[in-house]
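Below are some notes for a colleague opening this entry. Please read them alongside the structure.

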Amino acid sequence: MADMDGFKEASAYGFDQPQKNEAFFLKGNENRGWGVKNRLARIFNPKSGHTVMLACDHGFIMGPTSGLERVDLTINPLIEYADCLMCTRGILRSVIPPTMSKPICLRSDGGTTILTDLNLNRVYDVEDVVRVNASAMAVMVACGDKASEMITTQNLVHTVDMGEKLGIPVLGVTAVGKDMARDARYFGLATRVCAENGASFVKTYYTEEGFEKVVAQCPVPIVIAGGKKLPEEQALELAYKAIQAGAAGVDMGRNVFQSAKPLAMMKAIAGVVHNGLTPKDAFQLYNDEK
Ligand code: R5P
């Protein structure tokens, strides 16, 4: 029984300070559960509202991609400079130290590779996502691809259903359909489809024309993939323009791990995404850090 001797009367009721109800900082996620919001707040920096995700999931469709031959040597030293690591469960279990504390966005679907027709994926067992303590599940949707559009949309719907039960947000990943142009109209449609089916945030590609419309019509945050390797200054400019147009961050891979100086590149990208550095200043930072 609790000892009542010396019991101290409660008195700090803060009558003059109403309990705060703070709005959640990420657009379109106000009405989600506490677990989803808490995990999103680990991926996105609540101060800047932005994120630098480090993507290294390429091997699940491409095999030993340049820069990812030895993830332990190339990616592990970069993890502490990222806000979130995006990878497959195979890489996670085999080479990522479980002592690291960054949130994981787990690639949660897999299937066909570059050797056949891409995108005919199936989703992982959600229990495995919980076992590895993932903070988000990434599932690809192939809008406009006749063979895989339906199955990949179902994959997203199923993953969102599981995620809602468990409090785990879902990143909708827009694949590029073979028969559709890679323009703002296409990515506007694809990102919106992901959001409408329940994704908490969406990954897409930057478009020179109309990207602000892609962001505006998507009711949840957008992060951009980097795409193929560009000269460092151009990659920083890509990130800058995407952020200026309203993107909430980047999920970049090749432009980091294929850079001559990946660590300097991580720092320069973070400067753009979190601190609003211009491409010129960020490139200077890259050169200073080289
Ligand atoms: C592709 O398989 C993955 O979804 C990548 O994570 C994504 O494309 C981002 O990587 P990158 O910046 O190299 O395009």
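Predicted model: local features only at pLDDT ≥ 70, side-chain atom pairs only at ≥ 80, totals over all residues.

1. The buried residues themselves are Ala184, Tyr186, Phe187, Gly188, Ala190, Thr191, Cys194 and Ala195.

2. Helix 7 covers residues 184-196, 13 residues in number. From first C-alpha to last, helix 7 reaches 17 Å, close to the 18 Å expected at 1.5 Å a residue. Gly198 follows helix 7 and has a positive phi, near 110°.

3. Eight strands form a closed barrel in the order 1-2-3-6-7-8-9-10, with parallel pairing. From one strand to the next, the twist averages 25°.

4. Strand 1 (residues 51-55) and strand 2 (residues 84-87) run parallel and are joined by three bridges. Ala55 has Met86 in strand 2 as its bridge partner. Helix 9 (residues 232-244) packs on the sheet, where it touches strand 9 and strand 10 (249-252). The direction of helix 9 makes about 140° with that of strand 10.

5. How do helix 9 and helix 11 cross, and at roughly what angle? The axes of helix 9 and helix 11 (residues 262-275) come within 9 Å and cross at roughly 25°. Angles under 35 degrees count as roughly parallel, and the two helices are therefore roughly parallel to each other. Their crossing is right-handed. Helix 9 contributes Glu232, Ala235, Leu236, Ala239, Tyr240 and Ile243 to the contact, and helix 11 contributes Met265, Ala268, Ile269, Val272 and Val273.

Key:
Residues numbered from 1 in each chain as written. Heavy atoms only, no water. Helix = DSSP H or I, 4+ residues; strand = E, 2+ residues; numbered from the N terminus. Expected span 1.5 Å × (residues − 1). Buried < 20%, exposed > 50% of the residue type's maximum accessible area, 1.4 Å probe, protein only. Pairing = 2+ DSSP bridges. Axes fitted to C-alpha atoms, helices over the stretch in contact; angles between N-to-C directions. Contact = heavy atoms within 4.5 Å. Parallel < 35°, antiparallel > 145°, perpendicular 65-115°, else oblique. Left-handed = near helix turned anticlockwise from the far one by under 90°.
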